[in-house]
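Colleague: Hi, could you walk me through a couple of pieces of this model?
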Amino acid sequence: MYVMRKLVCFHLLNDYSGSPKVLKTTLEILLNRGIIINLITSQGGVLDELKAKENIRFSYFSYNFSENQFVMLLKFAVVQFYLFFFSFRYIFRKHTVFYINTILPIGAALAGRMIGKKVVYHYHENAFVKSAFYRVLCRMMQYLANEIICVSEYQRSFLARQHRVTVIPNSLPKIFCNAFDFEPKQAFKHQNVLMLSSLKLNKGILEFIKIAKQLPQYNFELVINDTQDNIHSFLADYHIEKSTNLIIFERQNDVIPFYKRATIVVNLSDKKQIIETFGLTALEAMTAGLPIIVPTIGGIAEMVEDGINGYKIDIQELDLIVKHIENILSDYELYEFLASNALKTAKNYDNSIMMNRILKIITR
């Protein structure tokens, strides 16, 4: 066993989605524990907030999302070549671990094994419910990784590999957890339904807009991880006219104010098209003491006890989701029961416990 002092971390798309948020939390704590970090990523997202920290060095490459699959594949290939050759600069640097966030930086993982570095994958996706391309990357991960960190038992169940695979649920930074005072009466008065989502049909955006129209007596807020121009284009493409009780927000650097004025949070991911391997927004909601409605399968479903801290209902039963929202927002005793249990559940995802386990894996 050796003591790892330098971590070389690779992440492709630096935005404000779940996996870079989790990575930021992880790296902040590792920095506080004296680990020197080189972070190789793209610009423009939550990871940029680490620039003020000591002992971290950034190396940037150009990478962003495109709706055109051919263009996206070309960008991906170019970045893999870059990461592969970039990684060889660490060939003679001792006590260095390659930390691969998501299965996408395959070029870095391949180079890392070739030059004899320990390769640790933090696996956030479920490749086996995605495309064949992702399944190939996942098989390569299982071959290349010295250690694999999964975020849920559901996700792990798809892997053929059994050795050196550890389930560590995601957690939230202390600054987020400490931002909330549990005030269920105040939250109940808001009568506000919140959803945070990426700009994709399979995330249930159209269904959320439909629910808002069916429940005009309540307030609805939708935070979409994209630009205002892209959101307007999306709504225009599907000829969507939102109701007056719904406000749609573009990408946000700070989502805490949204949770503070929410009453409940919903996740409407369509299980027939996408399955959440964890569900960071669900944990954020429960940390704020908010009941949640989530799909019935996936890592996100592992967090919810039906009727205890929220409900598990699929988007195919939209009328049932509407009914449960009405029930929750019209019955304070039910609301307080769900909210209290949501907060209790969130305490099981303690940040320090998660980080101790990750640190043990990357240093052993």
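Modeller: Happy to! One term to start with: buried means under 20% relative accessible area. Keep in mind that this is a predicted model.

Colleague: Thanks. Which residues in α11 are buried?
Modeller: In helix α11, which covers residues 280–287, the buried residues are Leu280, Thr281, Ala282, Leu283, Glu284, Ala285, Met286 and Thr287. That is eight of eight, so by the under 20% cut-off the helix counts as mostly covered.

Colleague: And what follows α11?
Modeller: Gly289 follows α11, and its phi is positive, near 75°.

Colleague: Switching to strands: how many residues of β4 are buried?
Modeller: Six of the six in β4, residues 96–101, are buried.

Colleague: Which way do they point from β4?
Modeller: Thr96, Phe98 and Ile100 point one way, while Val97, Tyr99 and Asn101 point the other way. In a regular strand, side chains alternate between the two faces of the sheet. In β4, the residues pointing either way are all buried.

Colleague: Nice. Which strands does β4 pair with?
Modeller: Strand β1, residues 6–10, runs parallel to β4 and is joined to it by five bridges. Lys6 has Thr96 of β4 as its bridge partner. β4 also pairs with strand β5, residues 118–123, in the parallel sense over five bridges.

Colleague: What stands opposite Ile100 in β5?
Modeller: Tyr121 in β5 stands opposite Ile100.

Colleague: Last one: what unit do β4, α3 and β5 make?
Modeller: With helix α3, residues 106–114, the strands β4 and β5 make a right-handed β-α-β unit.

Technical notes:
Residues numbered from 1 in each chain as written. Predicted model: local features only at pLDDT ≥ 70, side-chain atom pairs only at ≥ 80, totals over all residues. Heavy atoms only, no water. Buried < 20%, exposed > 50% of the residue type's maximum accessible area, 1.4 Å probe, protein only. Helix = DSSP H or I, 4+ residues; strand = E, 2+ residues; numbered from the N terminus. Pairing = 2+ DSSP bridges. Right-handed = clockwise from strand over helix to strand, strands pointing away.
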